[in-house]
Amino acid sequence: RKAQPLPRFPAVVRDVAIVVAEELPVAIAAAELRQAAAGLAEAVDLFDLYRGEHVPAGRKSLGLRITYRDPSQTLTDAAVDALHAEVVKKAIAALGGAVR
């Protein structure tokens with residue numbers, strides 16, 4: 001392993017719950033969110049998986065936490081909110097899902 005310096009700028013976290021097809025792997029959904037963030041998503045982690053009331057049959061709800069960080073500057077709340085909205089929009093279109 002090679003040591004890396006600690007990040008200079010803070011991370012910002014946003015959560016999203018998306019409803020996707022039951023057979024879609026979580027890793028694919030996470031990769032799609034990461035790709036849509038254009039290099040600013042440091043991590044995408046599953047924190048909830050739900051099937052049941054208010055989720056159609058053959059679908060599942062994924063609660064995902066996205067950690068954003070820009071290595072060159074501090075991200076503002078307004079910038080992250082705009083970025084997050086665009087990331088979710090692109091991922092939903094690519095995955096054929098919906099925001100829960």
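In what order do the 4 strands of the open sheet line up? In this predicted model, the order is S2-S3-S1-S4.

**View 1. The open sheet has antiparallel pairing.** Start with the four strands laid out as S2-S3-S1-S4. Strands S2 (41-50) and S4 (98-99) sit at the edges, and each has a single partner strand, so one side of each has no neighbour in the sheet.

**View 2. Strands S2 and S3 run antiparallel to each other.** Here we zoom in on S2 and its partner S3 (residues 59-68), which pair over 8 bridges. Look for aspartate 45, which stands opposite arginine 65 in S3.

**View 3. Helix H1 packs on the sheet.** H1 covers residues 26-36 and touches strand S1 (12-21) along with S2 and S3. The direction of H1 makes about 140° with that of S2.

**View 4. Helix H2 lies across S1, S3 and S4.** This helix spans residues 77-95 and runs at about 15° to S1.

**View 5. Lysine 60 is buried but has no salt bridge.** You'll find lysine 60 in strand S3. What is the nearest side chain of opposite charge to lysine 60? That is glutamate 22, 4.8 Å away. The backbone oxygen of glutamate 22, though, lies 3.1 Å from a polar atom of the lysine 60 side chain.

**View 6. Lysine 60 has contacts beyond its neighbours within four places in sequence.** Among them are Ile18, Val19, Val20, Ala21 and Glu22. The list also includes Leu49, Tyr50, Arg51 and Val55.

How values were computed. Residues numbered from 1 in each chain as written. Predicted model: local features only at pLDDT ≥ 70, side-chain atom pairs only at ≥ 80, totals over all residues. Heavy atoms only, no water. Pairing = 2+ DSSP bridges. Helix = DSSP H or I, 4+ residues; strand = E, 2+ residues; numbered from the N terminus. Contact = heavy atoms within 4.5 Å. Axes fitted to C-alpha atoms, helices over the stretch in contact; angles between N-to-C directions. Buried < 20%, exposed > 50% of the residue type's maximum accessible area, 1.4 Å probe, protein only. Lys, Arg positive; Asp, Glu negative; His and termini not counted. Salt bridge = Lys/Arg side-chain N within 4 Å of Asp/Glu carboxyl O. Polar contact = N/O pair within 3.5 Å; in protein donor to acceptor, adjacent residues only side chain to side chain.
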